[in-house]
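Subject: Structure handover

Hello,

The structure is pasted below for your records. My notes on what turned up in it follow directly after.

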Amino acid sequence: MGDSRVMLMNMGIAAAISIFFPIVLLIVWKKRNKGVRLAPFFMGAAIFIVFALLLEQICHHLVLRSESPLSAFINGHTWAFVLYGALAAGVFEETGRLVAFRIIMKKSKGKENSVTYGIGHGGVESIFVVGVSMISSMILVSVVHAMGGVENYAALVPAESQDIIKESLNTLLASPPYVFLLAGVERISTVIFHIALSVFVFFAANRPGKWHLFPLAVLIHAFLDVFAVMYQRGVIKSLIFMELLIAAITAATVYFAYRIYTRDEGLIG
């Protein structure tokens with residue numbers, strides 16, 4: 001039970017970080033920049049939902065889950081799966097940003113909108129992908145323990161689903177507790193990464209001579225996701241090593257985004 005307590009505690013910390021970090025970041029950003037509007041934050045959240053949680057998932061269903069030669073090829077070749085997964089994330093999310101800045105927010109030329117948008121984009125991902133997931137996992141683990149174990153819990157579901165439920169629960173319960181804490185810490189890096197890429201795409205959409213920053217944002221996003229997908233496929237075995245790689249890419253991206261942002265003379269608007 002000791003490990004379970006640590007697991008639940010780490011899940012709770014990860015959920016708190018994932019939910020409250022974007023909110024605190026937005027409050028601090030708005031407090032330090034009095035003219036900042038909240039509309040780009042909600043636009044970032046909406047674009048992520050539409051392009052990443054809806055359109056990208058439809059694409060995954062068509063490409064990965066339908067019975068077709070293309071699906072069989074991608075699922076059967078690790079390199080193809082990694083390439084597809086990384087590029088899909090980069091193309092859909094960065095195109096969503098471009099649509100927001102070039103079309104929906106075309107009159108919002110102030111560079112501060114890129115940061116506000118990025119907090120919304122990365123923040124809603126943090127809340128939905130990790131925050132809600134951690135809360136659900138906490139409830140599930142607590143219920144399983146209250147019922148006396150996996151066998152008793154699985155007995156409540158139809159017989160044909162019991163093996164799948166048991167396998168999923170045993171995998172969850174066997175996970176090292178630090179994995180859940182790391183998921184929360186990773187969200188800090190991920191939200192900041194989304195802000196940096198939002199700066200890239202904002203300048204591509206709104207400043208002459210900066211269009212090259214859009215395809216660059218797609219490639220950077222895809223490059224970072226390569227390592228996440230490689231870990232998912234078991235090519236990279238160490239979660240910590242994968243997270244360190246992602247942190248290094250994020251740091252480099254933030255550095256160049258900061259240079260682009262600070263050298264611009266644009267006013268708030």
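Thr116 is buried, its relative accessible area being 0%. This is a predicted model, and the notes should be read with that in mind. Thr116 belongs to helix H5, which covers residues 112-146. Its side chain has two partners to record. One is the side chain of Trp29, with which Thr116 makes a polar contact at 3.0 Å. The other is the backbone oxygen of Glu112, which the Thr116 side chain reaches at 3.1 Å.

Arg37 sits in the loop between helix H1 (2-32) and helix H2 (39-65). With a relative accessible area of 36%, Arg37 is partly exposed, since that value falls between the 20% and 50% limits. The side chain of Arg37 makes a polar contact with the side chain of Ser108 at 2.9 Å. Arg37 and Tyr117 are 80 residues apart along the chain, and their C-alpha atoms are separated by 10.0 Å.

On the surface, Arg102, Lys106, Lys107 and Lys109 form a patch of positive charge. Arg102 is part of helix H4 (residues 78-104) and is partly exposed, with a relative accessible area of 44%.

Next, the salt bridges. Side chains of opposite charge can pair when their charged atoms come close. A search of the whole structure gives 5 salt bridges. Among them is the pair Lys166 and Glu151, at 3.1 Å from N to O. This pair links distant parts of the chain, with Lys166 in helix H7 (residues 159-174) and Glu151 in helix H6 (residues 150-154), 15 residues apart. Glu151 counts as exposed, at 51% relative accessibility.

A further salt bridge joins Arg207 and Asp264, at 2.9 Å from N to O. Arg207 lies in the loop between helix H8 (177-206) and helix H9 (213-232), and Asp264 in the segment after helix H10 (239-262), so the bridge ties together parts that are 57 residues apart in sequence. Arg207 is buried, with a relative accessible area of 16%, and Asp264 also counts as buried, at 16% relative accessibility.

Salt bridges with shared partners join Glu125, Glu186 and Arg187 into one network. Within it, the closest N and O atoms of Arg187 and Glu186 are 3.6 Å apart. Arg187 is buried, with a relative accessible area of 8%, and Glu186 counts as buried at 18% relative accessibility.

Regards

Key
Residues are numbered from 1 along each chain as its sequence is written. This is a predicted model: local features need pLDDT of at least 70, side-chain atom pairs count only at pLDDT 80 or more; totals for chains, interfaces and linings use all residues. Side-chain values use heavy atoms; hydrogens and water are left out. Patches are made of residues with over 30% relative accessible area and no salt bridge: like charges are joined within 9 Å, nonpolar side chains (Val, Leu, Ile, Met, Phe, Trp, Tyr) within 5 Å. Accessible areas come from the Shrake-Rupley method with a 1.4 Å probe; for residues, only the protein chains shown count as cover. A salt bridge is a side-chain nitrogen of Lys or Arg within 4 Å of a carboxyl oxygen of Asp or Glu. Lys and Arg count as positive and Asp and Glu as negative; His and the chain ends are not counted. The place of a charge is taken as NZ of Lys, CZ of Arg, CG of Asp or CD of Glu. Helices (H or I, at least four residues) and strands (E, at least two) are DSSP runs, numbered from the N terminus. Buried means under 20% relative accessible area, exposed over 50%, partly exposed in between (1.4 Å probe, protein chains only). A polar contact is a pair of N or O atoms within 3.5 Å; within protein, one must be able to donate a hydrogen and the other to accept it, and residues adjacent in sequence count only if both atoms are side-chain atoms.
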